Amino acid sequence: MSAVVVAGTDTGIGKTVFSAGLTRALGASYWKPVQAGLEEETDSEVVARLSGRPVLPEVYRLRLPASPHLAAEREGVEIDPARLALPAVAPLVVEGAGGLMVPLTRRLLYLQVIAGWGAPVVLCCRTALGTINHALLSLWALRAAGCRVAGVAFIGAEAEDSRRVICEIGAVRDLGRLPVLERVTEEALADAFAGIDVAAIRGVL
């Protein structure tokens, strides 16, 4: 297996843009198993546009931009974890939905699926106020579930002390920081990704 999971401490923190940059940097394929919200450009479409790399089709495409369990219920669908096995594609970047504890059904959390995959996890954290708490809780949850944590990637303006505290207390590798881009283009993302330790991520595949 040669896959890495990109997870986030929350929704809307930039992990799709990070996933696009990582997919391009690794020369990988990309997969988002569950997409909730179809009215705007989907995460798979964003990654295809920004990475120029192959994108695998989603298993579930749900119209409502909401928690996957609710979006699925509104369409009379129940997400089946058996359909979420990792594809036999390598290397592969897999992006989760929202934070780790997002429910896929009323009995199944995304974290449980990630743990079942057995692939290393890159945890994306925003650098705004509150990130220390969210990051340390997420690291605790990942390890309690038996997941391998490849490291933490930060997204946003520089917050040196927060990065240091998270990595020291969380005993985790700092994989670098992706700044907020004024114009999100393939070229701008590739340049900004110079601040990410891609070699460290490649080393855990």
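A polar contact of 3.0 Å links the side chain of Arg 163 to that of Asp 174, where a polar contact is a pair of N or O atoms within 3.5 Å, one able to donate a hydrogen and the other to accept it within protein, and residues adjacent in sequence count only if both atoms are side-chain atoms. The model is predicted, with pLDDT of at least 70 needed for local features and 80 or more for side-chain atom pairs, while totals for chains, interfaces and linings use all residues. Residues are numbered from 1 along each chain as its sequence is written, and side-chain values use heavy atoms, with hydrogens and water left out.

Arg 163 lies in helix H6, residues 160-169, helices being DSSP runs of H or I with at least four residues, numbered from the N terminus. Arg 163 counts as buried because its relative accessibility is 14%, buried meaning under 20% relative accessible area with a 1.4 Å probe and protein chains only. Leaving aside residues up to four places away in sequence, Arg 163 touches Phe 154, Glu 158, Asp 174, Gly 176 and Arg 177, contact meaning heavy atoms within 4.5 Å.

| Pair | Value |
|---|---|
| Arg 163 and Asp 174 | side-chain polar contact, 3.0 Å |
| Arg 163 and Pro 65 | C-alpha to C-alpha, 31 Å |

Arg 163 and Pro 65 are 98 residues apart in sequence.

Definitions and conventions:
Helix = DSSP H or I, 4+ residues; strand = E, 2+ residues; numbered from the N terminus. Buried < 20%, exposed > 50% of the residue type's maximum accessible area, 1.4 Å probe, protein only.
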